[in-house]
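Subject: Structure handover and notes

Hello,

I am passing this structure on to you. Please open it and keep it beside this message while you read the notes.

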Amino acid sequence: MLQRWLHVQLDDDQLDDLFTSLCTYRDHFIELIESNASADTPQIHEGTKYWQDKAHRVQGLIDQISDELYGTSQRKGA
């Protein structure tokens, strides 16, 4: 996979908006995973794996931002 660096400057409000948006995006994937939990078909299991991967990737972005800004994977006050 090709990796590129993206450098942006954000003020505190923009950073909060980005962080909140990523958390909301991740939570949406988690809701999809949970809504499929009661079904037991191969297609549902494949879809669940897909959404778990998406949630994991977004959580990685959240953790990366938190690590850079706060030195921890969990944002203070969140």
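Predicted model: local features only at pLDDT ≥ 70, side-chain atom pairs only at ≥ 80, totals over all residues.

Helix α1

Helix α1 covers residues 12-35. A quick check is whether its length fits its residue count. At 1.5 Å a residue, its 24 residues should span 34 Å, and the end C-alpha atoms are 34 Å apart, so the two values agree. At the start of this helix, a side-chain oxygen of Asp-11 comes to within 3.1 Å of the backbone nitrogen of Asp-13.

Which residues of α1 are buried? They are Leu-15, Phe-19, Leu-22, Cys-23, Arg-26, Phe-29 and Ile-33. As background, an α-helix has 3.6 residues a turn, so residues three or four places apart point the same way. The buried residues of α1 pack against α2.

Some residues of α1 are worth a look one by one.

- Phe-19 is in helix α1. Its relative accessible area is 5%, so Phe-19 is buried, the cut-off being under 20%. Phe-19 and His-45 are 26 residues apart in sequence, and their C-alpha atoms are 29 Å apart in space.
- Arg-26 also belongs to α1. Arg-26 counts as buried because its relative accessibility is 16%. Leaving aside residues up to four places away in sequence, Arg-26 touches Ala-55, Val-58, Gln-59 and Ile-62.
- Phe-29 is another residue of α1. With 4% relative accessibility, Phe-29 counts as buried. Leaving aside residues up to four places away in sequence, Phe-29 touches Trp-51, Lys-54, Ala-55 and Val-58. Phe-29 and Val-58 are separated by 29 residues in sequence and by 9.4 Å in space, C-alpha to C-alpha.

Helix α2

Helix α2 covers residues 42-70. It has 29 residues and reaches 41 Å from its first C-alpha to its last, close to the 42 Å expected at 1.5 Å a residue. Just after α2, Gly-71 takes a positive phi of about 75 degrees.

The buried residues here are Thr-48, Ala-55, Val-58, Ile-62, Ile-65 and Ser-66. They pack against α1. Ala-55 and Val-58 are among the residues touched by Arg-26, and both are also touched by Phe-29.

Gln-59 is a residue of α2. Is Gln-59 buried or partly exposed? Its relative accessible area is 26%, so Gln-59 is partly exposed. The side chain of Gln-59 makes a polar contact with the side chain of Asp-63, at 2.8 Å. Gln-59 is also 6.7 Å from Arg-26, C-alpha to C-alpha, with 33 residues of separation in sequence.

The largest pocket

How much space lies in the largest pocket? The figure is about 1,100 Å³. Its lining has 18 residues, and the closest to its centre are Trp-5, Leu-6, Leu-61, Gln-64 and Ile-65. One of these, Ile-65, is also listed among the buried residues of α2.

The elements that give two or more residues to this lining are α1 and α2. The largest share comes from α2, with 6 residues. By class, the lining has 12 nonpolar, 3 polar and 3 charged residues.

Where to start

To follow these notes on screen, begin with Phe-29 and the residues listed as touching it: Trp-51, Lys-54, Ala-55 and Val-58. Then go to Arg-26, whose listed contacts include Gln-59 and Ile-62. From Gln-59, the side chain of Asp-63 is the partner in the polar contact. The pocket can come last, with Trp-5 and Leu-6 among the residues closest to its centre.

Regards

How values were computed. Residues numbered from 1 in each chain as written. Heavy atoms only, no water. Helix = DSSP H or I, 4+ residues; strand = E, 2+ residues; numbered from the N terminus. Buried < 20%, exposed > 50% of the residue type's maximum accessible area, 1.4 Å probe, protein only. Contact = heavy atoms within 4.5 Å. 1 Å grid on protein atoms, 1.4 Å probe; cavity = no way out; pocket = protein on both sides within 12 Å on 5 of 7 lines; lining within 4 Å. Points joined across faces, edges and corners; volume = space filled by probe spheres on them. Nonpolar A, V, L, I, M, F, W, Y, C, P; charged D, E, K, R; others polar. Expected span 1.5 Å × (residues − 1). Polar contact = N/O pair within 3.5 Å; in protein donor to acceptor, adjacent residues only side chain to side chain.
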